[in-house]
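Please keep the sequence and the 3D view open while reading.

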Amino acid sequence: PRSRFYTGVRFAVRRTGAAVSPYSKIMVGPLVRLCNVAHRYATGTDALADINIDIEEGGFTCLVGPSGCGKSTLLRIMAGLIAPSHGTCACAASGKRGEIGFVFQDATLMPWASVFENVALPLRLRGQKDAEVDADVNDALKRVGLADFAAEYPRALSGGMRMRASIARAIVTRPRLLLMDEPFAALDEFTRFKLNDDLLSLWQANRWTVVFVTHSIREAVFLGQRLIVMSPRPGRIASEFRIDLPEERKPELRHGHRFADECARVGSAFAEIAGVAS
Ligand code: ADP
């Protein structure tokens, strides 16, 4: 695994544009740093204001908040898909080098291509050789539990399996940063729980840095180590929590009092934002 030290060096190089000695301790930093970020769309909508966040490498952070509070905008800024209209976003992971994986709510698979070819797309786009493409795609499909479905077309898959294929496509380049925008919102609860469990196992095995957007407090508490609650118009950080649960989240945790207590703690912050007495 890459060390934090390495991350810090790259972060500093991008920020200053200068070559920095890899032996300088001063350069250790987070994987993503947003400073005083605000964003106004061309339509005049103020989507974000006063956003200051550091995302440390290897963590699982959930962004929660009501619809329209700027969660997707924030994720797109982290991905480098849009530039903030104010402030800075410094990210040590590079999309061009395949170090950022993005998973959308819709699986966005190409219907005319097999599961294998869908997952292979990011590798083909960067001109990877066929033999390496085969090895990497098969590995990614195995990791998401789709090893036997490589030759199928998306229409033959269930919603949950399509999302697994979408996750495989995002992780096939072995990203350092995995950005997930409400990936399981359209799935039934059983499928969502299973995908949550499998995503956590994958994260524990690979330790990518994950930023996961969801509407669901329960999903955020179950998955995250750190939870950032946002409020709307314009989107701001309303509060932040460290989730006080064991790092290994077994499925049965969902039925225990510790989980319920954590959901209640976060839920009261959420209720305040929504203007409901808590
Ligand atoms: P969330 O993900 O929390 O639902 P978004 O980031 O999608 O929030 O949206 C934040 C605000 O910005 C909303 O008011 C939304 O209507 C507006 N918005 C989002 N995307 C665009 C866009 N491309 N052009 C104009 N306004 C947008």
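D50 sits in strand β2, which spans residues 46-55. The phi of D50 is positive, about 50°, although D50 is not a glycine. With a relative accessibility of 53%, D50 counts as exposed, the cut-off for that class being over 50%. The model is predicted, and the points below take up the rest of the chain by topic.

**Overall make-up**

- The chain contains eight helices and nine strands.
- Of its 278 residues, 51% count as buried.
- Among contacts with a separation of 6 or more, 67% are between residues 24 or more positions apart.

**The sheet that contains β2**

- β2 belongs to an open sheet of three strands, ordered β2-β1-β4, with antiparallel pairing.
- β2 and β4 (86-91) are the edge strands; each has a single partner, so one side of each is left without a neighbour in the sheet.
- From one strand to the next, the twist in this sheet averages 20°.
- Five bridges connect strand β1 (residues 32-40) with β4 in the antiparallel sense, and the bridge partner of A38 in β4 is H86.
- Helix α2 (residues 71-79) packs on this sheet and touches β1, β2 and β4. The direction of α2 makes about 55° with that of β2.

**The six-stranded sheet**

- A further open sheet has six strands in the order β5-β6-β7-β3-β8-β9, and its pairing is mixed.
- Its edges are β5 and β9 (236-242); each has a single partner strand, so one side of each lacks a neighbour in the sheet.
- The twist here averages 15° from one strand to the next.
- Strand β8 (residues 226-231) runs antiparallel to β9, and six bridges join the two. R226 has R242 of β9 as its bridge partner.
- The loop between β8 and β9 holds P234. The peptide bond from R233 to P234 is cis, with omega near -15°.

- α5 lies across β5 and β6 (177-181), and runs at about 165° to β5.
- Helix α8 (residues 257-273) lies across β3 (60-64), β8 and β9, at about 170° to β9.
- In the loop between α5 and β6 is R174. Its phi is near 55°, a positive value in a residue other than glycine.
- R174 is partly exposed, its relative accessible area being 43%.

**Helix α3 and its surroundings**

- Which residues of α3 are buried? They are V115, F116, N118, V119, A120 and L123.
- These buried residues of α3 pack against α4 (130-143) and α5.
- An α-helix has 3.6 residues a turn, so residues three or four places apart point the same way.

**The largest pocket**

- The volume of the largest pocket is about 510 Å³.
- Its lining consists of 16 residues, and G95, I100, G101, F102 and P122 lie nearest the centre.
- Two or more lining residues come from each of β5 (100-103), α3 (115-125) and α5 (159-171).
- By class, the lining of the largest pocket divides into nine nonpolar, four polar and three charged residues.

**Enclosed cavities**

- Two cavities of 30 Å³ or more are counted, and the largest cavity has a volume of about 40 Å³.
- Which residues line the largest cavity? The lining is made of V144, R164, I167, L195, D198, L199 and L202.
- α5 and α6 (189-206) each give at least two residues to this lining. The most comes from α6, with four residues.
- Of the residues lining the largest cavity, five are nonpolar, none polar and two charged.

Note on methods: Residues are numbered from 1 along each chain as its sequence is written. This is a predicted model: local features need pLDDT of at least 70, side-chain atom pairs count only at pLDDT 80 or more; totals for chains, interfaces and linings use all residues. Side-chain values use heavy atoms; hydrogens and water are left out. On a 1 Å grid over the protein atoms alone, a cavity is a set of points where a 1.4 Å probe fits but cannot get out, and a pocket is an open set with protein on both sides within 12 Å along at least five of seven lines; lining residues have an atom within 4 Å of a point. Grid points are joined across faces, edges and corners, and a volume is the space filled by probe spheres set on the points. Ala, Val, Leu, Ile, Met, Phe, Trp, Tyr, Cys and Pro count as nonpolar, Asp, Glu, Lys and Arg as charged, and the others, Gly among them, as polar. Two strands pair if DSSP finds at least two bridges between them. Axes are lines fitted to C-alpha atoms, for helices over the stretch in contact, and angles run from 0 to 180 degrees between N-to-C directions. Contact means heavy atoms within 4.5 Å. Buried means under 20% relative accessible area, exposed over 50%, partly exposed in between (1.4 Å probe, protein chains only).
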